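Hi,

Here is the structure I promised to pass on. Could you open it alongside this email and follow along as you read?

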Amino acid sequence: MYQIEELPDLKVAWHESYKCLAEPLLEYVWEVANHFLPDYEDVSAAPAIFANRYAERNLSVEERYERTQEMKTFKGTLEEYKKREYRKLDDSFKEKFLTNEDLQNTIEAYKLDVSKFWYLLLFIYDFIEDIGTNAPALNKSVLEDFSYFHANLLETTSITLKKNNKKSYVVEREDTIRIVQAALQHFTNTYSNIIHSEQDREAMIKQLKDIGLEGFIRNDLSSKISFTDKFSLDISYKKWKFTDMFLFFIERRKATTIPDKKVKVSKDKMMLVSRLIYTVGYDGKRYNEEYDSEGNKNRMLSNLLRRYKNEKFPSVIANNYNVVS
């Protein structure tokens, strides 16, 4: 069986991701992360986030907390830390990856380092699960709606309320309308004072939640988060994004013949991705087979992508990777 070189615990905070640049095992991760998850000056924070999630995958909650204290990345108590939502990085398909001879032969044909490729597979899978499993819903910007409503309310001369799409109350009294306008202005000022403070992002979110303004966060991306609505991507969308990221990585590479190999080795890039989809469990053995029982070439992944060629990938936000996709 092939061997995977263990990624060391780098203990690098996400905002210091550049410190991971020298880690050779993250070479392929960097290549994909900088394209799909760019950050400050195109140095993605994702490799550091991934490396930390990998290091924590087998730790207890108490051990994870102690690690954050050592790294100075969490200022709260253990009890506060325990209340945070946590999704463990899943590497349960490692043996399936290593024992798939067809997949490993193709990796060898492309002259890819098996350890670096393993961490790329883990990273892409973890990211897609992050945006696609129990993730915050991304709706029309709350600030867009609020800004329009606020501007109109300041000039309004009447307010109409509806219940079950039927008009239930109309107010035209100037003093009542002024009270509503003043209350809205107070909330606007409170919001502004919080987001322009020197607090960290988690403290801001907590304060905004406490006063009922959890939909409002400093940047436009975060302002679209719904803290209560969660969703999961359909498996076909996961396969779509998975393929998009892997094809970007493999498109400039060429496979070569492997000397002394007595079996046929697939050099088909779509077949490589199809077998990776099978490896992580997004589909069954049919995705691992190059030909069907009648000898026809496997076109299942190509057919899936063709179905979505005129569609836009749904707007989603990651729980851990701090990006929108």
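Predicted model: local features only at pLDDT ≥ 70, side-chain atom pairs only at ≥ 80, totals over all residues.

**The core**

The largest nonpolar core has 64 residues. If you want a way in, try the residues with the most contacts inside it: Phe50, Phe97, Phe117, Tyr119, Phe123 and Phe242. The top contributor is H7, which gives 13 residues. As background, nonpolar side chains tend to be buried together in soluble globular proteins.

Leaving out residues up to four places away in sequence, Phe50 touches Leu7, Leu26, Val29, Leu89, Tyr119, Leu122, Phe123 and Tyr321. Apart from the 64-residue core there is another one, made of 5 residues, including Leu153, Ile159, Val171 and Ile177.

**Helix H3**

Which residues of H3 (61-71) are buried? They are Arg64, Tyr65, Arg67, Thr68 and Met71. Looking down the axis of H3, these buried residues fall within an arc of 160 degrees, so they line one face of the helix. That face packs against H2 and H4, while Glu66 and Glu70 are exposed on the other side of H3. Just past the end of the helix, Lys72 has a positive phi of about 60 degrees.

Arg67 turns up again in the charged interactions: a network of salt bridges links Asp9, Lys11, Glu56 and Arg67.

**Arg253**

What does the side chain of Arg253 meet in a polar contact? The partner is the side chain of Glu31, at 3.0 Å. Again setting aside residues up to four places away in sequence, Arg253 touches Tyr28, Glu31, Tyr110, Leu112 and Lys269.

**Salt bridges**

There are 23 salt bridges in the structure.

- Lys297 and Asp268 meet through their side chains at 3.4 Å, N to O. The pair links distant parts of the chain, 29 residues apart, with Lys297 in the loop between H12 and H13 and Asp268 in the loop between H11 and H12. Lys297 is partly exposed at 25% relative accessibility, and Asp268 is also partly exposed, at 22%.
- Glu79 pairs with Lys82, with the closest N and O atoms 3.9 Å apart. Both are in H4 (78-82), and because they are 3 residues apart, about one helical turn separates them. In general, an α-helix has 3.6 residues a turn, so residues three or four places apart point the same way. Lys82 comes out as partly exposed, at 38% relative accessibility.
- Glu251 and Arg252 form a salt bridge at 3.4 Å, N to O. Glu251 is partly exposed at 49% relative accessible area, whereas Arg252 counts as exposed at 52%.

Happy to go through any of this together.

Cheers

Notes. Residues numbered from 1 in each chain as written. Heavy atoms only, no water. Core = buried A, V, L, I, M, F, W, Y, C linked by side-chain atoms within 4.5 Å. Buried < 20%, exposed > 50% of the residue type's maximum accessible area, 1.4 Å probe, protein only. Helix = DSSP H or I, 4+ residues; strand = E, 2+ residues; numbered from the N terminus. Contact = heavy atoms within 4.5 Å. Salt bridge = Lys/Arg side-chain N within 4 Å of Asp/Glu carboxyl O. Polar contact = N/O pair within 3.5 Å; in protein donor to acceptor, adjacent residues only side chain to side chain. Arc of directions from axis to C-beta.
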